[in-house]
Amino acid sequence: MRMRRTLAFFPAVLLLLAVCSLARTAAPIPPVAVEATQGPAAAAVTLPNQSGSLKFAVLGDFGTGKPPEYELAAQMAKFLAAFKLEIVVLVGDNLYGSERPQDFKLKFEDPYKPLLDAGVKFYAALGNHDARAQRYYEPFNMAGKLYYSFKAPKEKVRFFMLDSSYPVPEQIDWVEKELKGSSDDWKIAVFHHPLYSSGGRHGSDLRLRETLEPLFIKYNVSVVLTGHDHFYERIKPQHGIVHFVVGSGGQLADGDIDKASNLTAKGFDTDQTFMAVEISGDKMYFNAISRLGQVVDSGVIERRVPQ
Amino acid sequence: MYHAQAMTHRMGLGLLSHMVLVGALTCPYAAESAPARPSEDQAIAAFEARVKEYVALHEKLEATLPKVSKRRTPEQVDKNQRALGDLIKAARHDARPGEFFTPGMQALVRRILVEVLAGPDGKTVRASIMDENPGVPNLVLNERYPSSIPLSTMPPQVLAPLPKLHGELEYRFIGSRLILLDTEADIILDFTEAVLPQ
C-alpha cells in the first residue's frame with residue numbers, strides 16, 4: 001500500500017524537477033557575490049562583466065565522461081550566455097582512462113560542445129592521467145608542445161602552461177627565460193600539480209615548489225592555477241602570489257580538504273566546480289561556480305608589480 | 001658498429017665527465033645527488049649512444065609515414081601513434097630487457113635514487129614518485145603504456161642527475177621500476193628491475 005502511494009508520487013516529483021530545471025535554463029544565473037569565509041585575498045565582489053576585459057574559465061581534472069562532468073559543463077554553457085568567455089585554461093587530467101578517438105568525443109567534445117561551437121578556445125596543460133599525444137590534439141591548442149606560453153586575446157596577460165609531471169631542467173630553464181622576457185602585466189602560471197594544497201590525498205608538491213616558486217617570485221607571477229586534488233581551493237597568498245586548486249571539473253574528492261590546514265583561504269570539496277575569471281587592468285575578479293550554479297567563492301586580486 | 005661507437009665514446013669520456021661535473025655544479029636541481037663517478041662514465045656513454053641510435057631509428061621510421069600536422073584530430077593522433085608503434089615494434093622485434101638499462105646503468109640509477117632519497121627531502125621525493133603509481137605485475141617490452149595507469153610524477157631532483165634524453169623519450173616509474181618510454185609511439189622501450197630503495 002505504502003509502496004503504491006510512493007509510486008504514485010514519483011511522476012509528480014519528476015514533473016517538479018523538470019519544471020525547476022527548465023526555470024534554471026530559461027533564466028541564466030548572473031554571477032553572485034559571496035563572502036569568502038576564511039580570510040579572502042580581498043573583499044568579495046561581483047564580477048564586473050565589463051566590455052573589453054579578458055574573460056576566461058579554469059577547469060581541471062574533468063575528463064571522466066560521466067554525468068557530473070556533463071552537468072558542470074552545462075553550467076559553464078549557461079554561464080557563457082551572460083559572461084562571454086573567450087578562453088578556457090585546462091589544468092590537466094583532461095581525459096581519464098582510455099584515449100581512443102571516441103573518448104575525446106565522450107570526455108571532451110560532447111560535454112563542451114556549446115563552448116566549442118561558440119568559438120571558445122581551450123588551452124591545455126597535461127596532468128598525470130593524460131597521454132603525451134594530447135599535445136597534438138587540435139582543440140587543446142598545444143601545437144605539439146608539452147610546455148608553452150600564450151598571450152591572451154585581451155589585456156596584457158600571458159599564460160605559462162607547464163608540464164609539472166616531467167619538469168626536466170630544460171623546461172625550468174625555458175620557463176625562467178619566458179618569464180624574464182615577458183613584459184606582460186599579468187603572468188599566470190598553469191599546471192597540474194599544486195605547489196600548495198590542503199588535499200589529504202595529494203597535497204602540496206614540495207619538490208616542485210622548491211624549483212618553481214623562486215622563479216614565480218622573482219619574475220612577478222601573480223596567480224598560479226593548478227589541479228590534481230579533486231576539489232576547489234583558494235590558498236592564502238604565498239609570497240604575494242595567489243594559488244588556486246581547481247581539480248574538480250569532473251572528479252570530486254568529497255571531504256578531502258584538510259580542515260586543519262592553515263593554507264586555505266576558501267575551500268569547497270562537496271561538488272564539482274569551475275572558475276570564471278575576468279581581468280580588467282590591474283584587477284582580476286573571480287568566481288568559483290559549482291555544478292548546481294552556486295558561487296562558492298569570489299574575490300578580486302591585484303596583480304603583482306615589479307619591486 | 002658497437003666497437004666503433006665504443007671507440008668514439010672512449011674519446012668523448014673526458015669531455016662527458018667534464019660536462020656531467022659542470023652540470024652538477026651549476027644545476028640547482030642536482031644538489032642532492034653527486035656527479036657521475038668515473039666508473040659510471042662508461043655506462044652513461046653506452047646508454048647515451050643507445051638512445052642516440054634509437055632516436056635515429058625512430059626518426060627514420062617516422063619519415064616513412066604520411067606527414068601529419070602538429071594539430072591533429074583524435075583519429076589522426078591515434079592512427080599516427082599506432083602506425084609508428086607498429087613500425088618500431090617490428091624493427092625491435094628482438095628487443096630484450098637491459099638494452100638501454102644495462103647493469104651498469106641500473107647501478108647508476110640505484111645510486112642516484114639512494115642519494116636523493118637519503119637526503120633531507122627524500123620522503124617527499126618518494127611521495128611524489130609513488131603518487132598514483134600502483135605499478136603493474138608484469139611489464140611487457142615493446143608494448144603500449146597501459147592506459148589504465150597514470151604517468152608517475154618525476155621530481156626535478158630525480159630527473160636532473162639522470163642522463164639527458166633526446167627526441168620523444170622520457171623516464172617514468174611504474175611501481176618501483178624505471179621505464180624508458182617513447183611518448184610519440186607510446187611504447188615501453190626498456191625497464192629496470194626494482195630500483196627504488198625500500
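Predicted model: local features only at pLDDT ≥ 70, side-chain atom pairs only at ≥ 80, totals over all residues.
Contact here means heavy atoms within 4.5 Å.

**Sheet of chain A**

Within β5(A), A:Arg158 is the bridge partner of A:Lys151.

**Sheet of chain B**

Chain B contains an open sheet of three strands in the order β1-β2-β3, with antiparallel pairing. Because β1 (169-174) and β3 (187-194) of chain B each have a single partner strand, one side of each is left without a neighbour in the sheet. The twist from one strand to the next averages 20°. Six bridges connect β1(B) with the antiparallel strand β2 (residues 177-182) of chain B; B:Leu169 has B:Asp182 as its bridge partner in β2(B). Helix α4(B) packs on this sheet and touches β1, β2 and β3 of chain B, its direction making about 65° with that of β3(B).

| Strand pair | Bridges | Partner residues |
|---|---|---|
| β1(B) and β2(B) | six bridges | B:Leu169 and B:Asp182 |

**Helix packing in chain B**

Helix α4 (residues 103-118) of chain B also packs against helix α2 (residues 38-63) of chain B, at an angle of about 110° and with the axes 8 Å apart. The two helices, α2(B) and α4(B), are therefore roughly perpendicular to each other, and their crossing is left-handed. From α2(B), the residues B:Glu40, B:Ala43, B:Ile44 and B:Phe47 meet B:Gly104, B:Met105, B:Leu108 and B:Arg111 of α4(B). By class, the residues of this contact comprise five nonpolar, one polar and two charged.

**Salt bridges**

Side chains of opposite charge can pair when their charged atoms come close. With a side-chain nitrogen of Lys or Arg required to lie within 4 Å of a carboxyl oxygen of Asp or Glu, the count over all chains is 32 salt bridges. One of them links A:Lys113 and A:Asp117, whose closest N and O atoms are 2.7 Å apart. As A:Lys113 and A:Asp117 are four residues apart in helix α4 (residues 113-117) of chain A, about one helical turn separates them.

Definitions and conventions
Residues numbered from 1 in each chain as written. Chains lettered and ligands numbered in written order. Heavy atoms only, no water. Axes fitted to C-alpha atoms, helices over the stretch in contact; angles between N-to-C directions. Parallel < 35°, antiparallel > 145°, perpendicular 65-115°, else oblique. Left-handed = near helix turned anticlockwise from the far one by under 90°. Nonpolar A, V, L, I, M, F, W, Y, C, P; charged D, E, K, R; others polar. Pairing = 2+ DSSP bridges.
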